[in-house]
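Trainee: Could you walk me through reading a model like this one?
Mentor: Gladly; have a look at it first.

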Amino acid sequence: MAALATGGATPSDGATSFQRKVPASSRLAAIAGTRPSVRHGQLLLSSGLPSLDCVLGGGLAVGTLLLIEEDKYGIYSNLLLKYFLAEGIVCGHNLFVASAKEDPADILKELPAPLFDDVHKNQVEWKETAIKSKPESQESMKIAWRYQNLPKIEVSPAASVRFGHYYDVSKTVSPELLQSIKWHRFFLPEEMSLHPEIKTCNMTCGYTKLLQSIQRIIYQEGFDGSYPQKKQKNILRIGIQSLGSVLWGDDVCCADNPEDIHSLTKFLYVLRGLLRMSLSACIITVPAHLIQNKAIMERVTNLSDTVVGLESFIGSERETNPLYKDYQGLIHVHQIPRLNSLICDVSGTKDLAFRLKRKLFTIEH
């Protein structure tokens, strides 16, 4: 049989040409915008901010939840959420955007524009100039003949296939790029007007409807592994804005002893179960500075995989402190998941600050 596979040629010196054929179904399908972690083997995706990926150990693991404690005015936490969604658009991932304050369509329109468009355009112009200025004589540069016909390697650092991209916050994403991806919306005022109010398991109506929407999309779109032969594997990026605020119908930000004290924690518990059994990842912003009951915030932290807090200098004494003159705030890493383990690891990196330049948002030590 080996001879037939090689066209009838018989291998010499005892060598064999037999190669084991691996079924296509057992091969690990590569998903755009992801890479396996060298530390724990989990599949990672970028948060949209390369400096944040480094802080989180390489990126956000698929099936996990990143909780962002909002800054006082919610400026920079919303920016991190937009980075996460913009990265999904560049990588071709599916998006699920939920909010009780802003229309999800308006959130997508305000996403920062990827920088690889302009860079790629400049590189194309540079290549065209180089080709025109190249002398016809080949005597100026000689290379081995066996390398002349090899395909050229794309070394652009801003190619869309790379892990993590950079974005220009002074520009918004193009409408053509938005139309190229599939996304789902959840706008709470809209949902409340379409469906009657429901309340189950001591959970607010908004949380119940949101969980039902996420669960329906995961099952219908096959993110739970259903129909693997029919659909190409892809990632679902879930972004939820200001969860726990009054607009969601929750009173954890209004009272020390809220009426539904376990409503938010039950939501996170069920959501993590949905994330664990699907090809999805979620970022949630929470107004932690408004939650008066600290015990609730501790439970919320324990029910999250990664917890990052933002502290803005706006209106504080640090705004005029010369030590922080080049920065807009601090970032606190409260919790990083120790994957394939039962406990979480607390990051040893404590002194982190972020700055927002004219175009870029970066995190620095």
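The talk below goes from confidence to one helix and then to the cysteines.

Mentor: This is a predicted model, where local features need pLDDT of at least 70, side-chain atom pairs count only at pLDDT 80 or more, and totals for chains, interfaces and linings use all residues. Residues are numbered from 1 along each chain as its sequence is written, and side-chain values use heavy atoms, with hydrogens and water left out.

Trainee: What pLDDT does the protein chain average?

Mentor: pLDDT is the predictor's confidence in each residue, from 0 to 100. The protein chain averages 80, and 73% of the residues score at least 70. Over residues 1-12 the pLDDT is below 50, and this stretch has six contacts (heavy atoms within 4.5 Å) beyond near neighbours in sequence. Residues 117-160 are also below 50, with 13 such contacts.

Trainee: How many residues does helix H8 have?

Mentor: Helices (H or I, at least four residues) and strands (E, at least two) are DSSP runs, numbered from the N terminus. H8, residues 205-220, has 16 residues. After H8 comes Gly222, with a positive phi near 80 degrees.

Trainee: What do the buried residues of H8 pack against?

Mentor: Buried means under 20% relative accessible area, exposed over 50%, partly exposed in between (1.4 Å probe, protein chains only). Among the buried residues of H8 are Tyr207, Leu210 and Ile214. Their partners include strand S5 (94-99) and helix H9 (263-276).

Trainee: Why does Cys205 count as buried?

Mentor: Because its relative accessibility is 7%. A disulfide is a pair of cysteine sulfur atoms within 2.5 Å, and the count here is zero.

Methods: The expected span of a helix is 1.5 Å times one less than its number of residues.
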